Amino acid sequence: MAVKFDWIRRVLPRLKLGVVAGLGLVLASCETLAVSTLTPAGLSAQDGYTGRIRLTRFLDEPDGYCLDVPGPATNVMLQFPMVAHTCHFGPLPDQVFQFNTDGTGKLRWTMDEYDLCFTADKAEALSAFNLRECGSSPLQSFELTENNEFKLSGTDLCMQVERTGAGPMQPPGEGQDAYGRGRSVNAQFTHLMRRLELRTCGEGDPAMSRWQAVTEAS
């Protein structure tokens with residue numbers, strides 16, 4: 001009996017080491033996956049990108065914030081400025097955009113009869129964005145910086161999501177984080193949105209201005 005217990009004492013530490021090593025590999029794999037989902041693959045492709053574009057940081061939205069045309073896909077509201085909205089489960093047309101597909105740095109939206117481009121109201125901080133007929137305006141040309149920000153060409157201004165504060169459209173009883181909460185677009189608070197605006201590139205927290213391509217895996 002003593003021999004059996006002695007064998008257990010010698011083997012058990014090795015088993016523990018094996019389990020620890022296995023857990024280490026699992027954690028390393030998880031870390032790698034987490035980092036890979038932040039890679040903006042596709043946005044900087046030389047031949048342009050077509051698909052959804054999501055804020056790298058999810059903030060208070062578990063599904064993340066995607067560039068979005070206000071209103072449902074069946075009834076878009078082009079009279080309102082562009083927003084970042086809860087990412088749809090699938091790539092519905094009001095969240096699918098083209099970036100730099102013609103080499104001019106345009107963020108383009110096409111659906112049915114529409115062919116419109118992101119257009120800054122002014123080349124000034126806090127300016128909003130609207131969809132306008134695509135043309136040669138410098139207010140429609142963007143550069144993707146090495147920090148994955150959309151910089152308005154010829155300026156030091158980048159597209160960011162707004163920082164919100166407490167307000168009547170916030171979910172009741174929930175606290176505010178450092179960036180406020182997204183504005184609810186329905187009574188159930190299941191879809192959130194934040195307005196888009198120009199701010200000095202790199203100003204404040206970069207989480208508000210860095211973007212990534214959305215793939216099926218992310």
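User: Which residue takes a positive phi in the hairpin of strand 6 and strand 7?

Analyst: That's D112, with a phi near 55°. The hairpin leaves 2 residues between the strands. Keep in mind that this is a predicted model.

User: What makes strand 6 and strand 7 a pair?

Analyst: Pairing takes at least two bridges. Strand 6 (residues 107-111) and strand 7 (residues 114-120) are joined by 4 bridges, so they qualify, and they run antiparallel. Within that pairing, M111 sits opposite Y114.

User: How do you know that strand 5 and strand 6 pair?

Analyst: Strand 5 (residues 97-99) and strand 6 share 2 bridges in the antiparallel sense, and the cut-off is at least two, so they count as paired. Q98 has R108 of strand 6 as its bridge partner. Strand 6 is also mostly covered, with 4 of its 5 residues buried.

User: Why is E61 called buried?

Analyst: Its relative accessibility is 4%, and buried means under 20%, so E61 counts as buried. E61 belongs to the loop between strand 2 (53-55) and strand 3 (65-68).

User: What makes the link between the side chains of E61 and T86 a polar contact?

Analyst: The distance is 2.7 Å, and the limit is within 3.5 Å, so the pair passes on distance. A polar atom of the E61 side chain also lies 2.9 Å from the backbone nitrogen of D63.

User: Which residues does E61 touch, leaving out those up to four places away in sequence?

Analyst: T86, T190 and L192. As for H191, its C-alpha is 8.5 Å from that of E61, though they are 130 residues apart along the chain.

Notes
Residues numbered from 1 in each chain as written. Predicted model: local features only at pLDDT ≥ 70, side-chain atom pairs only at ≥ 80, totals over all residues. Heavy atoms only, no water. Buried < 20%, exposed > 50% of the residue type's maximum accessible area, 1.4 Å probe, protein only. Contact = heavy atoms within 4.5 Å. Polar contact = N/O pair within 3.5 Å; in protein donor to acceptor, adjacent residues only side chain to side chain.
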